[in-house]
Amino acid sequence: MLNVALELSTIGLSQSGEGNGKNKTGLFRVGTELTKALLAIPGIRYHFFFWAYPHVSKFGIQYFKERGFKVDQLFANSPLEKFIYQQLFDSNKIPKNHSLMRIASRIFKACKHPALPNHLEVYHSFYYPLPNFINPKSTIRFRTIHDLTPLLFPETFKEAHRKKFLRGIRKISKKQDWFFAVSNHTKRDFCEHLKVPEERVFVTHLAASRKNFHAVNDQTQIQSVKEALNIPDKPYLLSLATLEPRKNLRFTIRVFKKFIRESSDDHDVTLVLVGRKGWLIDNLLNDIGNDAILKKRVVLTGFVPDFMLAPLLSGAV
């Protein structure tokens with residue numbers, strides 16, 4: 001039987017109280033759906049690993065156990081770690097309690113000096129950097145690369161996030177590690193800028209979840225969701241993404257305004273931006289709030305729960 005370690009901190013973070021469910025962005029969807037599919041493959045034993053953010057391992061493990069999956073965990077938190085994390089999670093009186101949790105997790109990790117068990121043959125991180133202590137000579141290491149935007153478009157990221165990404169990228173072994181890229185474009189960027197041999201990068205395209213993304217023909221259901229989100233009863237265009245510069249939404253709203261002004265028909269259409277607010281969005285909000293046309297035509301819904309997504313997509317132009 002093949003033994004594989006999966007680094008699933010993205011799932012733990014999304015399920016934890018840090019985002020109150022609002023961290024369930026694309027990384028969470030990719031991680032959960034891919035893991036469920038992998039667990040269904042016979043002849044492979046998976047071991048869950050939360051090395052990037054061990055303080056959220058409880059929530060990642062709980063997510064799969066509640067869905068009937070048998071879970072093996074690597075480097076489970078000690079009783080002391082669990083106690084400290086739980087106290088911080090439960091406290092609303094400690095300033096920046098989530099930041100303190102992350103700092104505590106780094107201290108605990110520094111004291112562990114771990115090593116992967118010998119029977120583990122493959123290590124795969126869905127997002128976070130490959131740990132230094134995992135020797136690529138003895139363990140086949142995979143990392144999924146979603147994009148290189150912090151490297152290619154540094155102005156769209158906070159400096160701390162960009163530096164963290166670059167540090168993680170430097171940890172790869174170009175001659176020994178293997179990679180999954182979510183598109184041919186990402187593979188080209190990755191191989192070109194980091195000089196990684198093309199034969200070490202596999203393109204695995206992402207797919208839509210049938211549960212959340214399907215056609216809804218019930219106009220009553222669509223209308224109900226529109227009313228709940230204060231979307232006018234008019235034709236609308238839809239964007240589904242975290243509101244951050246890397247999504248290029250300032251360009252989207254400029255094109256939308258250009259469409260309204262130059263259209264030969266009197267299109268009474270709305271632009272609906274679905275997604276939680278991320279970093280560096282003051283310029284986007286000012287663009288909308290200070291423009292008479294955009295102020296009337298752009299709707300910001302914030303985070304939207306899963307059950308609303310299919311009706312929203314189905315009702316859009």
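A polar contact is a pair of N or O atoms within 3.5 Å; within protein, one must be able to donate a hydrogen and the other to accept it, and residues adjacent in sequence count only if both atoms are side-chain atoms. Keep that in mind as we walk through this predicted model, where local features need pLDDT of at least 70, side-chain atom pairs count only at pLDDT 80 or more, and totals for chains, interfaces and linings use all residues. Residues are numbered from 1 along each chain as its sequence is written, and side-chain values use heavy atoms, with hydrogens and water left out.

Let's begin with D291, which sits in the loop between helix 11 (282-289) and helix 12 (292-297). Helices (H or I, at least four residues) and strands (E, at least two) are DSSP runs, numbered from the N terminus. A polar atom of the D291 side chain lies 2.9 Å from the backbone nitrogen of I293. D291 has a relative accessible area of 15%, so it counts as buried (under 20%; exposed is over 50%, and partly exposed in between, with a 1.4 Å probe and protein chains only).

Now find helix 8, residues 184-194, whose buried residues are T186, K187, D189, F190, C191 and L194. What do these buried residues pack against? Their partners are strand 5 (140-145), helix 6 (149-152), helix 7 (159-170), strand 6 (178-181) and strand 7 (201-203), where contact means heavy atoms within 4.5 Å. Just after helix 8, K195 takes a positive phi of about 55°.

Next, look for rings. The whole structure holds 20 aromatic pairs; rings of Phe, Tyr and Trp (its six-membered ring) pair if their centres lie within 6.5 Å, and planes under 30 degrees apart count as stacked, over 60 as edge-to-face and the rest as tilted. F49 and W51 form a stacked pair, 5.9 Å centre to centre with 20° between the planes, and both residues are buried. The rings of F64 and F69 have their centres 5.9 Å apart, but their planes are at 70°, so this pair is edge-to-face. Ring pairs link F28, F48, Y63, F64 and F69 into a cluster.

Y63 also has a charged neighbour: R67 lies over its face, 3.6 Å from the ring centre. Such a charge has NZ of Lys or CZ of Arg within 6 Å of the ring centre and within 35 degrees of the ring normal. Likewise, R200 lies over the face of W178, at 3.8 Å from the ring centre.
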